[in-house]
Amino acid sequence: MSQTVTGVIARSKKAPTEVVDVVIPDPGPRDVVVTVQACGVCHTDLAYREGGINDEYPFLLGHEAAGVIEAVGTDVSHVEVGDFVILNWRAVCGECRACKRGRPWYCFNTFNASTPMTLTDGTELTPALGIGAFAEKTLVHELQCTKVNPDTDPAVAGLLGCGVMAGLGAAVNTGGVGRGDSVAVIGCGGVGDAAIAGAKLAGATTIIAIDRDPAKLEWARELGATHTIDGSQVGDVVTAVQDLTDGNGADVVIDAVGRPETYRQAFYARDLAGVVVLVGVPTPEMQLEMPLIDFFSRGGALKSSWYGDCLPERDFPMLIDLYEQGRLPLDKFVSEKVGIEDVEAAFSAMEAGTVLRSVVVL
């Protein structure tokens, strides 16, 4: 039978979020109901609230989550009631052109629940990234659930569902950072610091953190940066990176900001034949103008990273194992644990740059 739970919605563009009753329908044949235990407050949720994703209001916000399977549909075989899972928004279909070409991390046809969640008056909700986890329970497709070690703190595990995976994957999967590499990361919020942690995990020996906020640079050091550059204090970021890399530039430069000026810095701060990875999300109106000859003469690769080019079934359990072994400090990303009624305040803290991640604990 359907059930009513508490959730957080955005009803209209730029309006404050609301805590309301949400109706969770019975699961369809391949759907599952998940009791949400924790959900990180991600910038993408704010983008939904602000109208930066689409205008399919009202949105049920939240997507960076972990919880326990409560109920399953008749044809579910991937998970069972009682499993502890991380929710993911890339439920690989296995049938689209990307999957058939052996590139499932680009899957173009990911699965979502078959039936919408609603308000008590029947208004259909659009779940953020197909998940909607700022709620006591949510309804998702079974393949949006990745089973991991149940002993893991849900507030830590859920972060792999988006921001940490996006940054870490940008370094390890997209950028291909390897042993002995030099890496520069522009923007040291949650995603940028996850890229730093990923670079350290992959064996990079020089890891340069770049930001304009001294507090964020200190966080970056705690997560593995070997050098820091305060962009508000140096004359030229590119020269500063070159000075730390024998005058050459970094092997891999990751732009976790996503603005024309930071991308330009990333492009010129890499070594010849180096790699630039864009993981920060630009806005539609941004434009970039650069000499075409520089793209040819510098060689290398310019890449964009979507969800850290991850495969949840491969990456989530492995990264949780590394965390449990003490090799990946996921707990350092949790700045505060808050209640479901505190989402709006958490958005403010995120915009002010005073937290790496606020996590809603239910």
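## Surface and charge

The accessible surface of the chain comes to about 15200 Å². Carbon and sulfur atoms account for 49% of that surface. This is a predicted model, and the values here are computed from it.

The chain carries 27 positive and 48 negative side chains. The centres of these two sets lie 6 Å apart.

## Overall build

The chain has 11 helices and 18 strands. Its radius of gyration is 20 Å, close to the 21 Å that the globule rule gives for 362 residues, so the chain is as compact as a globular protein of that length. Along its principal axes, the C-alpha trace spans about 65 × 40 × 40 Å.

What share of the 362 residues is buried? Buried residues make up 55% of them. Here, buried means under 20% relative accessible area.

Now take the contacts between residues at least 6 apart in sequence. Of these, 69% join residues at least 24 apart.

Strands of a sheet pair through backbone hydrogen bonds, either parallel or antiparallel.

## The S4–S8 pair

Strand S4 covers residues 59-60. S4 and S8 pair in the parallel sense, over two bridges. Phe-59 has Thr-126 as its bridge partner in S8.

Methods:
Residues are numbered from 1 along each chain as its sequence is written. This is a predicted model: local features need pLDDT of at least 70, side-chain atom pairs count only at pLDDT 80 or more; totals for chains, interfaces and linings use all residues. Side-chain values use heavy atoms; hydrogens and water are left out. Two strands pair if DSSP finds at least two bridges between them. Helices (H or I, at least four residues) and strands (E, at least two) are DSSP runs, numbered from the N terminus. The radius of gyration is taken over C-alpha atoms; the globule rule is 2.2 Å times the number of residues to the power 0.38. Buried means under 20% relative accessible area, exposed over 50%, partly exposed in between (1.4 Å probe, protein chains only). Contact means heavy atoms within 4.5 Å. Accessible areas come from the Shrake-Rupley method with a 1.4 Å probe; for residues, only the protein chains shown count as cover. Lys and Arg count as positive and Asp and Glu as negative; His and the chain ends are not counted. The place of a charge is taken as NZ of Lys, CZ of Arg, CG of Asp or CD of Glu.
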